[in-house]
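This report is written for a reader who is meeting the structure for the first time. Please look over the sequence and the model before reading on.

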Amino acid sequence: MRYEVLFEDPMLKKRDDFEDMLEERRNSSDLRYALKCYTPVLYKGLTPCKVSELKQMVLQSDQLGYVITQVSKEKGVTSDEVTGEAAAILEEMAQRLQLSTVRFFAFTLSKVFKTLFRSICINEEGLQRLQQAIHNHPVVLLPSHRSYMDFLLMSYILYTYDLALPVIAAGMDFMGMKVVGEMLRMSGAFFIRRSFGGDKLYWAVFSEYVKIMLKNGYAPVEFFLEGTRSRTAKSLTPKLGLLNIVMDPFLKGEVFDISLVPVSISYERTLEEALYARELLGVPKPKESTSGLFKARKILSEDYGSIHVYFGQPVSVRSLAESRVNRSQFNLIPRHIPTRPSEEILSFVNDSAYRLVRAQEENMVLKPWVLLAFVLLQKQAAEEKQGTALDELTEQAVWLRDLSRQYGAFLHWPDHIPPSEVVSSSLSLHRGLVRISEGRVQLALEQETRGAITPEEELLNKAVVILSCASYRNQALNVFIRPALLASAIHTAASNRKRKTEIYNSFSFLRNMFSNEFILCPGATVQDFEEACYLLVKTGTLQINQQEVLITERGHRTLAFLTSVLDPFLQGYQVVCRFLCEQDGLTEKQFIPAVRKFIIKHLLTGRLRYTEVLSSDLQKNALAALIRLGAVQKIKGYGTLKLNKVMLNSLEDTLGKK
Amino acid sequence: MASNSSGSDSSDRQRIAQQRLSVIAGHLQRPVEGNSGILAAECKAQGDKLDVSSERRTVPRRRQEIMKWNGWGYSDSKFLYNKKGQAEFTGKRYRLSGMIIPGLREWMESTFSANLQHKTPAAPILNSSAVQPPTLNEAFLKELKSTGIPFSHDAEDRVFRSHGHCLHEIFALREGKIGRVPDLVVWPNCHNDVVKIVELACKHNVCLIPYGGGTSVSSALECPPEETRSIVSLDTSQMNRILWIDEKNLTAHVEAGIVGQDLERLLNESGYCTGHEPDSMEFSSLGGWVATRASGMKKNIYGNIEDLVVHIKMVTPRGVIEKSCQGPRMSTGPDVHHFIMGSEGTLGVVTEVTMKIRPMPEYQKYGSVVFPNFEMGVACLREVARQRCAPASIRLMDNEQFKFGHALKPQVSSIFTSFLDGLKKFYITKFKGFDPNRLCVATLLFEGDREKVLQHEKQVYDIAAKFGGLAAGEDNGQRGYMLTFVIAYLRDLGMDYYVIGESFETSMPWDRVLDICRNVKARIVRECKDKGVQFPPLSTCRVTQTYDAGACVYFYFAFNYRGLSDPVHVYEQVEHAAREEILANGGSLSHHHGVGKLRKEWMRESISSVGMGMLKSVKDYVDPNNIFGNRNLL
């Protein structure tokens, strides 16, 4: 079959088993554990050096020296002053990894984790691979980012398994928390400003600092490809800056290879669940402050289920670059002179980033609750007021379980327990989000309220629950997205004779439209289409011959489900288009509040079905897509948006037909 | 040979006598170190002992009389394991000859997991019936006969000239496999003979392949299998006279077939030298050096071939090319010498060359420096180059090669020496804290008048000290250079026991030396693993030349091929990958081995399409009918 040439069957993916690392913590002394002998395997080419020496190396590097001279000429100041500036930047940035602080964290986190979580499950084989990778090459750790917990958790795991502790790129916002910020610094975090657009010197210090730590094998470098925590639990479009930096030493021949290790961290219940939903609805996120973190203490009394951490197969930068990048392009310019990466390099880094994010997605463990969230949200949107009977919910969940497994989902469904028990235990863990009465289940939308509230406030309260719930459903969207795009494309082709080319065009349109929303590798339309066709044919949903696509008898249920997966997004993008059509002048800043107001109005009048279109994430993605497609143009400098109404109208129409 | 002990005024007779003495001494014990100087240049093979007359030359027409037909060098010199299982080097020509090398066996066993029980002996004699009968161009042959120039179509003569010393070439010979070979061998005696041969070849459309010393490692001598014309190998070995020496201008006019050791020996008899000493100088010829842009070990003093050459005469299908005068430098458009140098036999035959000569150095001294690691060693070489104070030769071996060099130490006779060795080792590893698995050694050769050599030596050792280098004695240095001459013999030993290997070289800017060394060595190891080699390979390198703007690096690579069905193919794939790695990291296609047919595929990316076009148009003008049809380079 020709599909198999393009990709491997997701069903055949082999994954490692998990071990619960908390089990041992519950049975032995935390103090002894925190003080244990720690002797990790190090990089074979390591030249040991101290934190202070590291800074000296950065300041004395040819790379930085070049930029310092350049900046001092441009600004007309002495190079000593610029060097001083660079030293200050480095001071602000640098980590001060200290084993004693790590031990302190090991002790406290043991206590915290044991109260919060039932288990922390790790694939130990992945850790063995990681250890091998650390020995052989400089390593970059790329965890998914769903919670503040992520990077503490990562260091905790590595410490526990006697692996080299990483240095971690963290956003500057942590620095606001004085004590915690310093603690994090001592556990390996280094801090980067969120934006430093044109600041050459900052960029030079930063990139040289990261490269030197990486090249010398000082420690694995850890950062988040997604740049920030995903509030929706969908993977975010990867940021390329840091990936570019860590790949550079390989591309310029300064190291033989670099291993990139994607790590998938999935939480059964996210600590920040409601916080994220509020944030998406426009309640601004509280600035990180130490006292704020302590208020979060009430969190400690709740049950957050389990965490699964999967250390993926290390990806060799060398093999990624093989027959893609012509490395000799760096032969003619001294390597310490900063140059803008070529188109070839940029597209290579971009493709690699997508591959890595997909690798994260693929190894993300999904809990049964994720499937329940699908069902409950679809029922809610269908306005089934009385909720769903428990056995119907179970039946649907089991059906979805089988479907998702066929699509290659990494589902942790305990098969030895009767499905009804699996469902009810999932429901009980998430009891804040669901209401069960008289054997029927529905989302807990009617919260108890104190005093009178406006319809708008009521709507927003509902939306908090819906968006929280959606953040669980979203965890599995990557499993269904390609088939869902295909299902929607088929749905549009209304006639009985569904021509393959027509469906492909429609698929391609949708895929293009939603490529800011989901992780869809650039330029892989054909491959995605083939993959979707393959899955739907394999599962008996479709039959595809040379020109036509036929829906089988039992395929209708699957198709109906898949179409409904995409529906909220279709409606969201459509309403954004509608909104923009009705605007005259609009700045980028005004966009979110205005579109939110517009959507609330429509939701209250019942003209919109999906409350989740209130998510600012969706709205931002829609705007980004429209800008990318040229329907909206950003006027530089003024921040105003120039609208192409003809195009917006036609996009709205096309989306409406789907 | 140049064994320069104390005085500079020793007469020829004295020197020759001394030379003979040292050869004899070499068999019995290490040469006695003189009070003022050390016997230098003992590494190369001694000329035939009877050959004191300057009329007798090293290379006879029938090379097979003294040289191996399927391996490196002289038939009487080879490594073997004796009945006791000890490694030993046979013959009488080299300093190592007749000695037991106790460490070699263990080194071979541990480095390659080789086993003396697993032998892969070579086919002992050439089976003439495996050689295809010659395709003779009768008309050409008839006219050739009338000129009186000697020729032969004997199978052995033809096979001998059908190959260089690439691994695949020697491997095939050992297995008795013979591919396309020249149909005829001719031995011109002088420039005019060559003119006649080339004229006849043009007239009868015969393919000519010039043959000098036969030491090519670029598949340059391989007969193109697609060639349908009669192929004539033009062996220049009998054109080996020094035609005149001009002491006023310090130049010598020499026939291009002379091999390095004869050239030096003959010049030495008059008190001069060229100072051009490529590692292959025992066998490689002057014409070959010009045709490949050769480089000598002592180029820091004497220069590479392009610096040494004053005048070249070459016979091409269009006629003879030469300059009208011997001015030391000219501004007369692009230097036509540079079309000739590096042309690899594709344009014509170099027949006569005027070369610079120098008075023989008064004093030579070896030396060595141990560094804690390779990085420090490279930093030191870079500093030496920056200060432009490089000795005649300075080479830096990496850790693996240092160990290799160690394994080649001949048996020491006195307990005292071995005690001293132990003490040295103790001092370096324990007292100075050098990690024996990281340290590396630079070997040095100083040359000039005594005073200056000693001064120079101090300067270099002072720089070395700044990079953590410790002086490690003359003996270590000298052994390092000896390795150069015997390493090719060692490959034959390896091939007797399932081990195949080769060296290749490149040049690069200073800032990339470490990166290329690391990446290429790692690439070799990885490729071997990927290609199914069962045992970890030997992958090692050394920096052999320093320049103002960069360095030359040599890689050695060998592995045990037991369990592989097509070892040579695996070998070639790995070498190919290593070359790709070199190019990707900013190294050159070749520093001095040349391109031949082995590295042709990378020429365009190396010199650009326009560059290729320029070279092609020269070829098209000079040799429109591709008479010089070895198909090298382009």
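## The interface between chains A and B

The model is predicted. In it, 13 residues of chain B are in contact with 15 residues of chain A. The size of an interface is often given as the accessible area lost when the parts come together. Here the area buried between chain B and chain A is about 1200 Å², and carbon and sulfur atoms give 33% of that area. Three residues, R512(B), R526(B) and A584(B), supply 41% of the area that chain B buries against chain A, more than any other three residues.

Five salt bridges are counted between chain B and chain A. R526(B), already named for its share of the buried area, joins its side chain to that of D257(A) in a salt bridge, at 3.2 Å from N to O. Eleven residue pairs between chain B and chain A are in polar contact, with both residues at pLDDT 80 or more. On the side of chain B that touches chain A, helix 17 (513-530) and helix 18 (567-584) each supply at least two residues. Helix 17 of chain B gives the most, with six residues. By class, this side of chain B has seven charged, three polar and three nonpolar residues.

## The nonpolar cores

In soluble globular proteins, nonpolar side chains tend to be buried together. The largest nonpolar core in this model has 106 residues. Those that touch the most other members are F79(B), L104(B), F371(B), L396(B), V513(B), V543(B) and F559(B). Helix 16 (residues 474-496) of chain B contributes nine residues, the largest share of this core.

L104(B) shows the contacts of one such member. Not counting residues up to four places away in sequence, L104(B) touches F79(B), Y81(B), A87(B), A407(B), L408(B), L490(B) and L493(B).

Where in chain A does S235(A) lie? S235(A) is in the loop between strand 6 (221-222) and helix 12 (241-251) of chain A. S235(A) counts as buried because its relative accessibility is 9%, under the 20% cut-off.

Leaving aside neighbours within four places in sequence, the residues in contact with S235(A) are R146(A), E226(A), V357(A), E361(A) and I519(A).

Technical notes:
Residues are numbered from 1 along each chain as its sequence is written. Chains are lettered from A and ligands numbered from 1 in the order in which they are written. This is a predicted model: local features need pLDDT of at least 70, side-chain atom pairs count only at pLDDT 80 or more; totals for chains, interfaces and linings use all residues. Side-chain values use heavy atoms; hydrogens and water are left out. Contact means heavy atoms within 4.5 Å. Buried area is the accessible area (1.4 Å probe) that two parts lose on being put together, summed over both. A salt bridge is a side-chain nitrogen of Lys or Arg within 4 Å of a carboxyl oxygen of Asp or Glu. A polar contact is a pair of N or O atoms within 3.5 Å; within protein, one must be able to donate a hydrogen and the other to accept it, and residues adjacent in sequence count only if both atoms are side-chain atoms. Helices (H or I, at least four residues) and strands (E, at least two) are DSSP runs, numbered from the N terminus. Ala, Val, Leu, Ile, Met, Phe, Trp, Tyr, Cys and Pro count as nonpolar, Asp, Glu, Lys and Arg as charged, and the others, Gly among them, as polar. A nonpolar core is a set of buried Ala, Val, Leu, Ile, Met, Phe, Trp, Tyr and Cys residues joined through side-chain atoms within 4.5 Å. Buried means under 20% relative accessible area, exposed over 50%, partly exposed in between (1.4 Å probe, protein chains only).
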